[in-house]
Structure formats: structure tokens, C-alpha cells
Amino acid sequence: MRNRIKMAFPALARTSLILVYLVILAGAVVRMTGSGMGCPDWPKCFGYLIPPTEEAELLWKPEKEYPEGAVIIVEEKLLLSKEEFISGSQYNPQNWEPYTKHDYAEFNAAHTWIEYINRLLGALAGLSILLMLISSLFWWKEKSGRFVSSLIALVAIGFQGWLGATVVYSVLEPVKITLHMFMALVIVAILIYIVHQLKPQDPLRRNDTQTLRLWILTAILSLFQILMGTQVRQFVDEQSELLGAENKQLWLLEPEMIFYVHRSFSIIVLVLHLWVAYRIYSRNLGYPKIYPLLGILFMIIFTGVAMNYLDFPWGSQPIHLVMAALLFGLQWKLLLEMIQAARTRISL
């Protein structure tokens with residue numbers, strides 16, 4: 001049993017990474033469908049571990065047993081039961097107290113279940129990382145770094161869960177959504193590092209100091225570009241709330257300066273990627289990840305152009321977001337591979 005738990009570490013690390021990316025994808029779907037407040041409380045959903053499927057389940061009923069903390073909607077307000085009780089023939093307000101985190105009290109079955117699936121994937125990712133940490137304990141004598149990295153990953157996803165709660169309590173405040181997304185990228189970076197450490201050095205990869213330095217610059221500027229993108233997204237979120245979803249053509253009518261910088265900066269990022277790809281190809285450095293990475297970058301640029309000039313066509317925003325997360329992950333993995341080749345001095 002001990003050996004099985006120990007040998008499960010690689011599979012758990014890869015599963016955790018996949019689940020975190022699925023959470024990012026689910027979060028993008030939540031945003032695309034406007035389901036962010038599908039579950040207005042946290043960690044439960046309308047007071048349930050498994051959310052309701054119809055609004056009738058959230059309406060007060062006579063002669064019904066209500067557990068403590070049960071949620072109902074009365075006059076467009078969320079109410080919580082003060083204690084466990086059985087309702088009488090008439091509604092008694094003394095048994096209920098208002099939900100004080102916010103005043104949002106709408107039910108949409110589709111939104112609720114989309115947000116619930118997002119949370120469920122997050123919980124599964126957290127469980128997978130916890131199991132990875134347990135498995136890493138059996139590597140302590142041989143590879144103590146696995147335990148340290150796994151512990152950092154668990155703390156990070158725990159913090160991410162807390163951030164998720166603050167997003168709900170703030171009724172989707174854009175700044176907190178941005179921080180939530182940034183933390184997801186941090187978790188991706190930690191897990192990719194763990195997965196990378198599981199593989200031996202590929203002898204076909206060679207070190208080229210100038211290419212490594214150029215890629216470090218490219219990765220830093222790309223991260224800066226992603227962070228600028230989150231600021232643009234905040235502005236778009238605020239405009240969509242102010243002007244309404246039916247006026248998408250007005251969202252970028254008078255954009256902030258950060259939008260123009262973000263749009264123009266993409267040219268620099270693209271040129272740097274193409275330069276690195278040319279050096280990898282011409283010097284036969286052995287880093288094939290650069291080619292799918294370029295494909296992802298072109299998809300990001302394409303969806304960015306579509307949002308700007310075609311008034312945010314359906315799916316363009318979540319695709320843009322998910323592709324940016326994939327780009328970040330591949331950039332980080334390629335950087336780790338280059339650093340590993342540099343350390344082992346497999347050079348031209």
C-alpha cells in the first residue's frame with residue numbers, strides 16, 4: 001500500500017494540472033454565460049450541497065422540515081433559517097434571518113448548475129492536490145522538494161478557494177475576478193514545475209544562452225501583456241454592466257489608455273515569439289513546444305481582433321482567456337526546459 005501511494009505521485013500531479021485547467025475553462029464558461037452569481041452563497045449553493053433544479057425548491061412551503069441554514073427566497077431576498085424547525089401552516093418571519101453578505105437573490109437553473117460545476121471542478125482539483133501532498137510524504141527522504149512544492153500548491157489552491165468566496169460576496173467585483181484569475185495562473189505554474197521535475201533531461205534539447213535570455217524576456221513581457229489584458233477585461237466588465245449586453249458595440253467606444261497599450265503591445269509579443277521560434281528552428285535546439293505555442297498565440301490575437309472589430313462575437317472572450325492561460329503554461333514549461341538544458345550544459 002505504501003509503495004502504491006508513493007508511485008501515484010506523478011499521476012496525481014498531472015491530474016491536478018488537468019483539473020486546474022478545467023477549472024479555468026469552466027470559469028470562462030461561467031463568464032460567457034453570465035453565471036457568476038448562479039450560486040449566491042459559498043461554499044454551498046442556495047444552502048444545498050447539491051443545488052436546486054427549479055425555483056419552487058427555494059420557496060417557503062408549509063409543513064416542511066427546514067435544517068439550520070436553509071435558504072429560501074422571499075420578496076426577492078435571501079433568507080436563512082435560524083435553526084432546525086418544521087414550518088406551520090403560515091409563514092413565520094421569526095424563523096428566518098436575512099442573508100447579509102449581499103442582496104442578490106435571483107435563481108436561474110442553468111446559471112446555478114454552470115457555477116456549481118465550476119465549483120465542483122475546483123473542489124476536485126483541491127482534493128487531487130491534497131492527495132498529491134499525501135503521496136509526496138512518502139518521497140520525503142529521496143525527494144523532499146516534492147513535498148515542499150505540493151504543500152505550496154495546496155496552500156495556493158486553498159487561498160484560491162477563499163478568493164472565490166470573496167468574488168461571490170462582492171457580487172463579481174472586477175478587481176477580485178482579476179485577482180482570482182491571476183492566482184489560477186500561479187497554481188498552474190506550481191503544478192507545471194512539479195510535473196516538469198518528474199521527467200529526465202531530454203538529450204535532444206540543447207542550450208543556447210542568447211535564446212534562453214530572449215525567451216526569458218519574451219515570457220516576462222507576455223506575462224505583462226496578460227496582466228494588462230486583465231485590466232482591459234475589468235474595463236469591459238464595467239462597461240457591459242453599465243451599458244448592457246445588448247450594446248456590445250459601445251463597450252470599447254471610449255476605452256482607457258491601457259486598451260491601446262495592450263493592443264499595440266501584442267505586436268511586440270508576437271515578434272519576440274517568432275524570433276525565438278526562428279532561433280530554435282535554425283539552430284536545431286530541440287524545443288518542439290514552440291510551434292503549438294505559436295498556434296495558441298495566433299488564436300489569442302485572432303480572438304482579440306474579433307472582440308475589438310466584431311463587437312465581441314459569441315465565445316470570443318472565454319476562448320481568449322483560456323488560450324492566454326494555455327500560453328502562459330506552455331511558456332513556463334518551455335522556460336523550465338531551457339533552464340534545465342543550461343544547467344546540464346548541453347550546448348551548441
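Helices here are DSSP runs of at least four residues, numbered from the N terminus. In this predicted model, helix H3 covers residues 109-137, and Leu 124 sits in that helix.

Leu 124 belongs to a nonpolar patch on the surface. Leu 124 itself has 38% relative accessibility, so Leu 124 counts as partly exposed.

Strands of a sheet pair through backbone hydrogen bonds, either parallel or antiparallel. Here the sheet is open, and its three strands run in the order E2-E3-E5 with antiparallel pairing. Strand E2 (71-74) and strand E5 (96-98) are the edges, each pairing on one side only. From one strand to the next, the twist averages 40 degrees.

Strand E3 spans residues 77-81. Three bridges join E3 and E5 in the antiparallel sense. Leu 80 has Glu 97, in E5, as its bridge partner.

## The loop between E2 and E3

Glu 76 lies in the loop linking E2 and E3. Its relative accessibility is 67%, so Glu 76 counts as exposed. The cut-off for that class is over 50%.

Ile 339 is 263 residues away in sequence from Glu 76. The C-alpha atoms of Glu 76 and Ile 339 are separated by 57 Å.

Terms used. Residues are numbered from 1 along each chain as its sequence is written. This is a predicted model: local features need pLDDT of at least 70, side-chain atom pairs count only at pLDDT 80 or more; totals for chains, interfaces and linings use all residues. Side-chain values use heavy atoms; hydrogens and water are left out. Patches are made of residues with over 30% relative accessible area and no salt bridge: like charges are joined within 9 Å, nonpolar side chains (Val, Leu, Ile, Met, Phe, Trp, Tyr) within 5 Å. Accessible areas come from the Shrake-Rupley method with a 1.4 Å probe; for residues, only the protein chains shown count as cover. A salt bridge is a side-chain nitrogen of Lys or Arg within 4 Å of a carboxyl oxygen of Asp or Glu. Helices (H or I, at least four residues) and strands (E, at least two) are DSSP runs, numbered from the N terminus. Buried means under 20% relative accessible area, exposed over 50%, partly exposed in between (1.4 Å probe, protein chains only). Two strands pair if DSSP finds at least two bridges between them. Axes are lines fitted to C-alpha atoms, for helices over the stretch in contact, and angles run from 0 to 180 degrees between N-to-C directions.
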